[in-house]
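Colleague: Before we start, let me see the model. Then take me through it.

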Amino acid sequence: MSNIAVTDTAMPSTAAKPFLTRLGAGFVNRLVIIVPYLWLLFFFLIPFVIVFKISLSQTAIAMPPYTPVLDFKGGVSGFFAGFRNLNFDNYVWLTQDALYFKAYVTSVIIAAISTLLTLIVGYPIAYGMSRAPATIRPTLLMLVILPFWTSFLIRVYAWIGILKPEGLLNQLLLSLHIINQPLVILNTYTAIFIGIVYSYLPFMVLPLYSSLEKMDYSLIEAAKDLGCPPTSAFWKITFPLSVPGVIAGCLLVFIPAVGEFVIPDLLGGSSTLMIGKTLWNEFFANRDWPVSSAVAVILLLLLTVPIMLFQQAQAKAQEQDK
Amino acid sequence: MNATWSRFNVTSIVLGFAFLYLPIVLLIVFSFNESKLVTVWGGFSTKWYVSLFHNQGLMDATWVTARVGVISATVATVLGTLAALTLTRYTRFRGRVLFSGMVFAPLVMPEVITGLSLLLLFVAVGLDRGFLTVTLAHITLTMCFVAVVVQSRLVSFDRSLEEAAMDLGATPVKTFFQITLPVILPAIVSGWMLAFTLSLDDLVIASFTSGPGATTLPMKIYSQVRLGVTPEINAACTILIAVVAVGVIIASIANKRREVQRQLDEQTAQRG
């Protein structure tokens, strides 16, 4: 079975059909593949090539603000002349300025800690949902998905009012006499953690839930009957069986969190450092397109392995569904 | 089931949902605040909604966002459905690994990278930044989400229905429109809605790819938030949440009704 699978399955009848109809079917089949393929090639893959290309050029005061690289206008000789003009100055610059290195490292650490926190917060919710009566499970599922439909920006914005020094959380804690002075949470890394855990929680809960829901609960009962305490039954049976969900959830949180911009910008303030914000500022404030391209290329390289793992997990899940 | 476990489960669900919903509820409550301070209650008022409708910049941005959302979601739904068909139906063709990579990678790709790379593409091909470029960018991002939603429905699809239709003489194209499409329609509808909300929601990619005259609502909200938090933004956010919530509720009711109808049809068919 190749790319004409649909016609293959109906061989007996199509064989008797006029030639033109069959040709049409083959054409339609090819179109189904070609249209989205070309779209993604042009709007997703080629842009990365351009980013890489521009990361090798120089900043210039012009529009667009970079020197031309690999121009095909000059023919073959012009192309090779362009090759000689390529340089890795922007990358050298990134290694020389400690700020960028620090931003990368901080982003990865923040994303890793937030992913772990999201897992810790999300696991009990997913577990509770998977053990809930079957009649209310769809409602619970809907309730987890619903915040995902409300704007990311709005949900992050909502936390500013809560975490501010004169915000709702401090008002509550002060009125309960738990603290005497307002806590400084906004514009710290703590606020970023809260923001990421909050915004990405549905991404963690959904894959966890789908792997926990499939689990055979009688395994736990069998373990209990054989005298296994609940805690070790959890670590020996439930958790290992939910590992695919844990991996998918962690990747869904970790990868976008590394390059996150809105949360560090609105909740982290100016004192926190993350690479997504650095890239944004390089681009919008400094208007340095080549350096921001170089920042993006390195960020992409950093994320290649997690993204490939994510893809494999997706392909595997797809195979199992069949 | 063990009672302590069950109590633990209920507690974790309640706390989890409180964490998910409390910030949104507070945001909505304070949009009706008389006081200009977002966090101090000064009595009930709808004046921020009134001032919202007199804010021309915000209204223009809303109109731009709605148009970008509808156009990009519609195109993305077509492309995403085709991509989903490709992923589930054509298991072997040259470049399939690359294709599935290009469908799944945008789902997790940090937005700053996607935004920057699309902008550089538009500059390279000489396309002026504006309404068109934002729409193209949103199509690219959201079609992948549509593809995943539709694909999950296609995987559980009973292929023998299609085979029966074609054995009875329907052309593949006719089979698709008469058999396949009605079955996967709920997934396509929720794919469209997801694409629309993602477009409505996007700040980062829009900021990179938009130009003068095509400021979207999130861009407007973001620039106002940077200047300071005001109840007017709360009001704008509340309206946005209400629109999406109503849409989701209507879609889920319609979905449920269609499901019930389908089950009834199946029962009738079995009896007949």
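Modeller: Contact comes first: two residues are in contact if their C-beta atoms, placed from the backbone, lie within 7 Å. This is a predicted model, where local features need pLDDT of at least 70 and side-chain atom pairs count only at pLDDT 80 or more, while totals for chains, interfaces and linings use all residues. Residues are numbered from 1 along each chain as its sequence is written, and chains are lettered from A and ligands numbered from 1 in the order in which they are written.

Colleague: How many helices does chain B have?

Modeller: Helices (H or I, at least four residues) and strands (E, at least two) are DSSP runs, numbered from the N terminus. Chain B reads α-α-α-α-α-α-α-α-α-α-α along its sequence. Its C-alpha trace spans about 70 × 65 × 35 Å along the principal axes. Strands come to 0 in chain B, and helices to 11.

Colleague: What share of the residues in chain A is buried?

Modeller: Chain A has 16 helices and 0 strands. A residue is buried with 20 or more other C-beta atoms within 10 Å of its own, exposed with 12 or fewer, and partly exposed in between. In chain B, 44% of the 272 residues are buried. For the 322 residues of chain A, the share is 43%.

Colleague: Among contacts in chain B between residues at least 6 apart in sequence, what share joins residues at least 24 apart?

Modeller: Take chain A first: of its contacts with a separation of 6 or more, 68% are between residues 24 or more positions apart. In chain B the share is 78%.

Colleague: Which helix gives the most to the side of chain B that touches chain A?

Modeller: The interface joins 73 residues of chain B to 87 residues of chain A. By class, the chain B side has 53 nonpolar, 14 polar and 6 charged residues. Here Ala, Val, Leu, Ile, Met, Phe, Trp, Tyr, Cys and Pro count as nonpolar, Asp, Glu, Lys and Arg as charged, and the others, Gly among them, as polar. The top contributor, with 12 residues, is H1(B).

Colleague: Is Leu26(B) buried, exposed or partly exposed?

Modeller: Leu26(B) sits in helix H1 (residues 3-29) of chain B. Beyond four places in sequence, Leu26(B) touches Ala158(A), Gly161(A), Ile162(A) and Leu168(A). Lys47(B), 21 residues away in sequence, is 18 Å away, C-alpha to C-alpha. Leu26(B) has 19 other C-beta atoms within 10 Å, so it is partly exposed.

Colleague: Which residue of chain B does Leu116(B) contact beyond four places in sequence?

Modeller: Chain A supplies Val51(A), Leu279(A), Phe283(A), Ser292(A), Ser293(A) and Ala296(A). From chain B comes Phe208(B).

Colleague: Which helix of chain A do the buried residues of H10(B) pack against?

Modeller: Helix H10 (residues 217-227) of chain B buries Leu217(B), Pro218(B), Met219(B), Lys220(B), Ile221(B) and Tyr222(B). Gly228(B) follows H10(B), with a positive phi near 150 degrees. Within chain B, the buried residues pack against helix H3 (56-89), helix H8 (172-201), helix H9 (204-209) and helix H11 (231-271). In chain A the partner is helix H8 (152-163).
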